[in-house]
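Subject: Structure handover

Hello,

Here is the structure I promised to pass on to you. Please open it beside this email, and then read on for what turned up.

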Amino acid sequence: MEDSKNTRPAADPHGAGWGHVANVAEIVAAGPRTGVADGLTVAVVGASGNLGTSVVAALSTDPRIGRVIGLARRTPTWSPPRTTWVRADIRTEPQLAELFRSVDVIVPLAWMFQPTRHPEVTWETNVLGSIRVFEAAAEAQTPAVVYVSSVGAYSPGPKDRAVDESWPTHGWPAAAYCREKAYLERYLDTYERRFPWVRMVRVRPGFLFKREAASEQRRIFAGQLLPRAWFQPERLPVLPELPGMRLQALHTADAADGVRLAVTSPVRGAFNLATDPVLDAGVLAELLGVRTMRVPASVVRPGLSAAWHARLLPASPQLFDAALHMPLLDSARAREELDWRPRHRATEAVQEFLTGVRGREGMETPPLAARP
């Protein structure tokens with residue numbers, strides 16, 4: 001743990017005019033939560049990534065939120081209102097429970113997508129680190145946890161209709177990402193029985209995009225296999241049409257708004273987050289202004305596998321398999337019980353991603369920083 005040069009007296013970790021960076025010891029020294037008289041205190045774990053930055057932004061402007069504590073391994077220079085950044089690694093931080101005694105709600109978001117070639121590394125953060133957060137929340141008697149899972153947690157499902165939150169969550173076993181999401185779903189089934197007094201919410205969104213995360217997502221999933229120029233419609237004469245490839249995209253800000261509503265509402269259980277239209281080759285081709293060409297998945301899959309093994313493609317071919325099998329999500333419960341209303345269509349979210357890639361967009365956080 002590195003102490004920031006920007007320090008303040010431990011007695012007031014959230015004092016106005018102090019600054020925006022603290023360390024765990026300072027938050028712990030400030031004492032336990034004071035209740036909601038001055039607004040909820042929310043800890044966002046993994047606050048500097050694609051979804052984390054949008055969740056922090058949504059919470060920091062909600063009048064029901066008194067303060068936000070953003071935990072990250074590398075603290076950003078971005079300084080949203082009412083937010084204190086804390087440098088902490090959930091795999092090793094010894095004072096997680098002590099820190100969580102100062103908060104009313106925890107939002108666990110920390111997740112590693114890479115390295116896909118070493119799933120034991122991602123397991124350490126995504127599964128074991130997340131479990132440390134959940135166990136620390138119970139030890140601290142934190143009243144509520146709003147965990148963000150994923151469509152990737154769901155078992156294979158239909159592509160011609162949407163499924164609700166009762167669909168099985170066993171993931172696609174060959175893909176590490178889906179295995180990890182599904183494992184945490186099983187862990188939380190037991191957790192809720194062990195700690196029934198914790199208000200547990202599981203948010204399961206579709207694929208999340210925003211302009212500021214485009215550079216990071218290209219690095220994580222496409223690497224150098226897809227040159228930046230290929231994201232220009234005029235450089236893409238044809239779009240492959242793969243049978244079964246029908247997915248749902250969501251603007252990250254809309255997913256963050258769903259999280260905010262779950263934080264501030266007395267709800268429990270799972271909530272799907274998705275919006276229209278469902279993305280297939282026809283919808284994407286119209287968006288890009290190109291034509292489609294039907295290609296069997298059996299032709300594409302070997303090429304992706306070869307590129308991955310040659311270290312040209314960061315995303316594993318198993319993720320491609322998972323995408324072919326993921327169900328479509330029905331978000332009626334979120335709309336009815338949370339009054340969740342997404343402001344962007346799925347095509348707008350994808351358009352933002354494409355614009356961000358072309359413009360090398362980023363944000364003032366280490367994961368989202370724009371790079372060549």
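This is a predicted model: local features need pLDDT of at least 70, side-chain atom pairs count only at pLDDT 80 or more; totals for chains, interfaces and linings use all residues.

Residues are numbered from 1 along each chain as its sequence is written, and side-chain values use heavy atoms, with hydrogens and water left out.

**The cavity**

A cavity here is a set of points, on a 1 Å grid over the protein atoms alone, where a 1.4 Å probe fits but cannot get out; lining residues have an atom within 4 Å of a point. Grid points are joined across faces, edges and corners, and a volume is the space filled by probe spheres set on the points. The count comes to one cavity of 30 Å³ or more, and the largest cavity holds about 40 Å³ of space. Its lining includes Val151, Lys159, Phe207, Arg246 and Met326.

**Aromatic rings**

Rings of Phe, Tyr and Trp (its six-membered ring) pair if their centres lie within 6.5 Å; planes under 30 degrees apart are stacked, over 60 edge-to-face and the rest tilted. The whole structure has 11 aromatic pairs. One of them is the tilted pair of Phe134 and Tyr191, 5.9 Å centre to centre with 55° between the planes. Phe134 belongs to helix H4 (residues 119-139) and Tyr191 to helix H5 (residues 176-194), so this pair ties together parts that are 57 residues apart in sequence. (Helices, H or I of at least four residues, and strands, E of at least two, are DSSP runs numbered from the N terminus.)

Buried means under 20% relative accessible area, exposed over 50%, and partly exposed in between (1.4 Å probe, protein chains only). Phe134 is buried at 0%, and Tyr191 is buried at 1%. Phe195 and Trp197 make an edge-to-face pair, 6.0 Å centre to centre and 70° between the planes. Of these two, Phe195 is buried at 16%, whereas Trp197 is partly exposed at 42%. Phe134, Tyr191, Phe195 and Trp197 are among the members of one aromatic cluster, which also includes Tyr147 and Tyr187.

**A helix with cover**

**Backbone details**

A cis peptide bond joins Gln114 and Pro115, with omega about 10°; Pro115 is in the loop between strand E5 (105-108) and H4. Another cis bond joins Asp276 and Pro277, with omega about -5°, and Pro277 is in the loop between strand E12 (269-273) and helix H8 (281-288).

Gln141 has a positive phi, near 55°, without being a glycine. Gln141 sits in the loop between H4 and strand E6 (144-148) and is exposed, at 55% relative accessibility.

Enjoy exploring!

Terms used
On a 1 Å grid over the protein atoms alone, a cavity is a set of points where a 1.4 Å probe fits but cannot get out, and a pocket is an open set with protein on both sides within 12 Å along at least five of seven lines; lining residues have an atom within 4 Å of a point.
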